[in-house]
Amino acid sequence: MSEQKESSVLFSLKELMNLEEDRIKTEEAQKAAAAAAAEKARVEAERAAREAEELRIRTEEERRRNEERRAREEAARLEAIRQAEIEKARVEAEQKARLEAMAAQQHHERSLAALQQDEGKKKLRKLLIGGAIASALVIGIVTVAAVKSAQDNEARIAAEAARARELEEANKRLEAQFKESEGKMAGLRDQLAKEKDEATRLALQKQLEAEQQKQEQLRRGGGGSARPASGGQPASGASKPCNCAPGDPLCSCF
């Protein structure tokens, strides 16, 4: 009878040991599964972060290329307009000078024909010769004025192109400041999310708010960005009269 009891106790102990081993194996398996899941989640998070960063870099590069292409196209357009204006002024000056020369020549030929019919009018001949000389002088003056007008027009177009380039440079500087502010804000947000010390968090929050104010100033056109000067004079409330030629595509009055 005692042997049966002892055997029953041993059996019960063995069962309990088996159950405890099963429990321990189950817990270890659960811990291993949890660790594997956490590692998988970490790897997936890192992969997602890398892909997001690569996408951001590709997007930024594409945007930069597009901006450079647009800048080149705008510069080519302004140069084409400038060359067209210069060529137009030159052709108009030449045509005007030719027409005036033809008119003077025709007038001189008619005067000579009249003189040939009446050789006795020497005084009139002298007057007509003087008129021809005067006409030649007028033609020279008109030609010089036309050339000067073309040169002035070229200088004005060059000034407009320089002003457009200055505006483009100012916009680029403002965009660079905005990007730098975005990077600082992202870094501050990351530090704020990871920081546990309350004093440090308050300091980071103040820095973040200051950077947000700076970015707001940049959005309103502030932040110390350069603005193109208009002839070296400060802007006034009264607008200047428009002195552009009619149909001028580079006129800033509109």
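The stops below follow helix 1 and then helix 3. This is a predicted model, in which local features need pLDDT of at least 70 and side-chain atom pairs count only at pLDDT 80 or more, whereas totals for chains, interfaces and linings use all residues. Residues are numbered from 1 along each chain as its sequence is written, and side-chain values use heavy atoms, with hydrogens and water left out.

**Helix 1.** Select residues 2-117, which form helix 1; helices are DSSP runs of H or I with at least four residues, numbered from the N terminus. Within helix 1, select Leu16. Leu16 is exposed, with a relative accessible area of 53% (buried means under 20%, exposed over 50%, partly exposed in between, with a 1.4 Å probe and protein chains only).

Next, select Arg82, also in helix 1. Is Arg82 buried or exposed? Arg82 counts as buried because its relative accessibility is 16%. Its contacts (heavy atoms within 4.5 Å) include Glu154, Ile157 and Ala158, leaving aside residues up to four places away in sequence.

Move on to Ala101 in helix 1, which is partly exposed at 33% relative accessibility.

**Helix 3.** Finally, select residues 198-219, the 22 residues of helix 3. Leu204, Leu208, Glu211, Gln215 and Leu218 are buried there. Viewed down the axis of helix 3, the buried residues fall within an arc of 70°, so they line one face of the helix (the arc is taken from the directions from the helix axis to the C-beta atoms). On the other side, Ala199, Leu202, Lys206 and Gln213 are exposed.

Conventions
Helix = DSSP H or I, 4+ residues; strand = E, 2+ residues; numbered from the N terminus. Expected span 1.5 Å × (residues − 1).
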